[in-house]
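Me: I am new to this structure and would like to go through it step by step. Could you look at it with me?

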Amino acid sequence: MDENAALEALVSQFKLDRLLNQDQGGRRVTLLGSINDKPTLLTAERAAFPSDIKTLEVFHKNLVDVNNLGTNDIYHWYLASVGQAKDNPPDLKLNLISPCTEKHIKKYSPQGVRMVTETPGIYEDHVRPYVAKQREEGRLDWVFNILEGRKEQNDIIYRDPGQDGAKDEAFLLAPDLNWDRKTLTSLHLLALVERRDLWSLRDLNKSHIVWLKHMRGKVVEATVK
């Protein structure tokens with residue numbers, strides 16, 4: 001056996017003891033084990049996606065075991081594998097937006113970053129009118145679909161009717177579409193309030209503190225369960 005072959009064979013000789021760490025949203029794991037009874041660390045990280053057009057043109061055709069996790073309006077998400085045996089766990093989380101809009105294309109394209117210090121005046125004159133326009137154009141329909149019971153009802157983790165049944169304090173907790181529903185290190189949940197008059201942090205004031213503390217406690221309690 002030549003030197004390269006011997007080095008490559010080391011990986012298959014690894015015997016797992018335990019998972020030492022998982023980070024980057026579950027994309028990298030460090031395992032503690034042994035090779036020939038000697039303590040060994042093995043770190044595995046997902047390789048970068050190819051960028052050449054020819055490979056990307058057939059990428060989606062090579063996916064197997066595509067499993068739909070959910071759908072809401074134009075948004076769909078899946079787990080899938082790239083030519084692996086069925087016994088292996090999925091290695092891809094897919095988000096599909098169809099039909100997408102020009103705004104989606106711009107959002108997911110490379111773009112420069114700017115930092116803006118938002119003042120109350122900027123919010124009232126520019127941000128709030130922009131948010132209002134997005135609501136009118138249906139950009140928040142996916143949120144209303146959840147709140148009004150049309151979509152993702154089986155995924156709801158917790159629903160709170162509000163303290164003492166106060167409807168303006170009702171909210172629910174659901175998985176974010178970017179979470180694969182399995183990897184705890186990339187856990188991402190959404191708390192959606194039922195009331196429609198709170199558009200951003202600018203709309204909160206000290207009268208909401210008790211409610212927010214109640215919400216935080218319920219979210220933590222429901223999450224750890």
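**The sheet and its surroundings**

Me: In which order do the 3 strands of the open sheet stand?

Reply: In this predicted model, the 3 strands make up an open sheet whose pairing is antiparallel. Because β7 (158-160) and β9 (189-193) each have a single partner strand, they stand at the edges, and one side of each is left without a neighbour in the sheet. On average, and with direction ignored, neighbouring strands are turned by 20° against each other. The order is therefore β7-β8-β9.

Me: Which residue in β9 is the bridge partner of Phe-171?

Reply: Strand β8, which covers residues 171-175, pairs with β9 in the antiparallel sense, and this pairing runs over 5 bridges. In one of the bridges between β8 and β9, the partner of Phe-171 is Val-193.

Me: What angle does the direction of helix α6 make with that of β8?

Reply: Helix α6, made of residues 209-224, packs on the sheet and touches β7, β8 and β9.

Me: Is the protein as a whole more spread out than a compact globule, or less?

Reply: The secondary structure of the protein comes to 6 helices and 9 strands, and its C-alpha atoms fill a box of roughly 70 × 45 × 35 Å along the principal axes. For 225 residues the globule rule gives 17 Å, whereas the radius of gyration is 23 Å, well over that value, so the protein is more spread out.

Note on methods:
Residues are numbered from 1 along each chain as its sequence is written. This is a predicted model: local features need pLDDT of at least 70, side-chain atom pairs count only at pLDDT 80 or more; totals for chains, interfaces and linings use all residues. Side-chain values use heavy atoms; hydrogens and water are left out. Two strands pair if DSSP finds at least two bridges between them. Helices (H or I, at least four residues) and strands (E, at least two) are DSSP runs, numbered from the N terminus. Axes are lines fitted to C-alpha atoms, for helices over the stretch in contact, and angles run from 0 to 180 degrees between N-to-C directions. Contact means heavy atoms within 4.5 Å. The radius of gyration is taken over C-alpha atoms; the globule rule is 2.2 Å times the number of residues to the power 0.38.
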